[in-house]
Amino acid sequence: MSTGHSVFAPSSYSRWSQCAPSIFGNRRDKDAPPEPFNPHSALGTLAHEVGEYMLLGKDPFTIEPEDGLKALGVKVDDDMIEYVSMYTNFAHSTVKSLKGKLFVEKRVNLPHIHPDFGGTSDAIVVSSDGSHVHVIDLKYGTRVQVFADHNPQLMIYALGSIATLGIIGVETVSVSIVQPRLDHIDTFTLSMEELAEFEAEVAASINVAETMLPLRFDQIPDEKFNPSPAVCQWCPMKLECKALKNKSLAYVKNLFDDISDDDAFSVKPDPAAVEISNEDLDGTLKYIWQSERLLAILRKAYEAEAFSRLTKPGAGGDELPSFKIVGSNPNRKWKESPELIQLLTKLCGKDAFEQKLISPAKAEKLLKKDLIAKDALKDFIDRGRPTPSLASIGDKRDRFKPEDRQIDASSFDDLSGEFGEFDDM
């Protein structure tokens with residue numbers, strides 16, 4: 001599996017194209033200590049290696065997980081094979097439909113934009129006549145659902161595929177996300193004209209980001225930064241970024257004060273208004289969502305750094321005067337004991353035990369290879385109705401359709417604490 005890395009990483013393009021100084025987070029110092037073990041990232045890497053083996057006709061059960069995963073008891077098992085098969089089956093069906101050629105874990109480059117610009121595409125299918133290129137990406141995570149529509153990482157891979165493979169006469173391009181643990185496959189198709197317009201945007205973003213690299217991070221002028229929830233959430237430079245800190249703290253200071261055009265998100269709520277207008281409602285709520293998300297991102301970064309320092313071997317408990325590490329209160333549970341079962345049965349009778357049906361998800365997992373049995377259960381599954389919740393206009397989910405149900409403000413009393421993201425920040 002290729003591990004080539006570029007400072008202009010396609011996977012973080014949506015971040016450094018909006019905030020050029022964040023490109024510093026992609027730098028790798030050869031003398032720097034290795035990054036700490038991340039089980040989510042390691043599991044995704046393992047799943048990609050399994051997918052690579054399966055597409056190449058090799059035995060995935062021969063793959064040895066890295067030590068950190070072994071310590072957690074993770075191994076290549078039937079469940080992982082089942083999930084990854086959703087990706088490999090999609091790739092094989094794409095090859096068949098296009099009568100095309102498959103490229104697996106292919107390093108693709110765009111040297112005409114920058115000599116160090118490229119990445120590794122999970123799977124590329126080129127149609128037999130060369131008129132269509134289909135880029136397929138496996139996402140093994142479950143925390144964030146990823147969509148293909150104008151996905152910049154995959155569009156860069158599509159550009160790189162055409163350049164690296166020397167394909168001439170491409171008319172259309174498709175990019176697909178396969179996220180098997182969310183049962184999610186999403187495909188987006190665009191013309192070469194649209195892809196060429198995107199290529200020009202990429203080249204312009206790289207030119208801007210490249211001007212940052214000769215400087216130190218603390219030398220970059222404030223106006224070059226563009227902190228926002230979408231940009232800052234995964235940025236490795238959060239702790240060093242004064243722009244993020246200043247913009248987040250401005251929220252606390254200015255939330256219901258008069259806000260000038262130069263402050264925070266440039267919203268001017270009118271507290272004297274008898275009835276808030278749609279414009280004030282929209283602007284103020286958007287300001288709060290964006291600002292609270294930024295503040296949450298900043299808090300999480302600082303908490304992680306404080307936890308790291310306070311738990312280092314030899315670190316004193318008074319290293320930070322306002323914080324300490326404490327033990328949590330774990331949930332109580334019974335000790336394994338035959339005597340307990342006898343005693344509890346004697347004391348509580350039949351109430352000592354609870355019996356309930358397993359969930360549809362667990363039943364489907366148990367019956368995953370028995371398609372007839374799974375089909376027989378379909379009529380007994382109540383998928384319920386979607387619950388209305390407030391989201392930003394940039395959310396990829398479809399607009400809620402209440403049908404014949406009466407929806408009022410009480411439906412939104414219990415806010416989940418999730419903050420939406422906006423495309424126009």
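Is Glu105 buried or exposed? In this predicted model, Glu105 is buried, because its relative accessible area is 10% and the cut-off for burial is under 20%. Glu105 sits in strand S1, which spans residues 101-109. Its backbone also deserves a look: phi of Glu105 is near 45 degrees, a positive value in a residue other than glycine.

A second residue with a positive phi is Asp183, at about 50 degrees, although Asp183 is not a glycine. Asp183 lies in the loop that links strand S4 (172-179) to strand S5 (184-191). With 64% relative accessibility, Asp183 counts as exposed.

Of its 425 residues, 36% count as buried. The accessible surface comes to about 27,800 Å², and carbon and sulfur atoms account for 52% of that area. Among contacts between residues at least 6 apart in sequence, 65% join residues at least 24 apart.

The axes of helix H8 (residues 242-254) and helix H9 (residues 278-310) come within 9 Å and cross at roughly 125 degrees. The two helices are therefore oblique to each other, and H8 passes H9 in a left-handed crossing. Residues of H8 that make the contact include Leu244, Leu249, Tyr251 and Val252, while those of H9 include Tyr287, Ile288, Leu295 and Tyr302. Sorted by class, the contact of H8 with H9 has eleven nonpolar, three polar and three charged residues. Lys245 and Lys247 of H8 take part in this contact, as does Glu292 of H9.

How values were computed: Residues are numbered from 1 along each chain as its sequence is written. This is a predicted model: local features need pLDDT of at least 70, side-chain atom pairs count only at pLDDT 80 or more; totals for chains, interfaces and linings use all residues. Side-chain values use heavy atoms; hydrogens and water are left out. Axes are lines fitted to C-alpha atoms, for helices over the stretch in contact, and angles run from 0 to 180 degrees between N-to-C directions. Helices (H or I, at least four residues) and strands (E, at least two) are DSSP runs, numbered from the N terminus. Angles under 35 degrees count as roughly parallel, over 145 as roughly antiparallel, 65 to 115 as roughly perpendicular and the rest as oblique. A crossing is left-handed if the near helix is turned anticlockwise from the far one by less than a right angle, and right-handed if clockwise. Contact means heavy atoms within 4.5 Å. Ala, Val, Leu, Ile, Met, Phe, Trp, Tyr, Cys and Pro count as nonpolar, Asp, Glu, Lys and Arg as charged, and the others, Gly among them, as polar. Buried means under 20% relative accessible area, exposed over 50%, partly exposed in between (1.4 Å probe, protein chains only). Accessible areas come from the Shrake-Rupley method with a 1.4 Å probe; for residues, only the protein chains shown count as cover.
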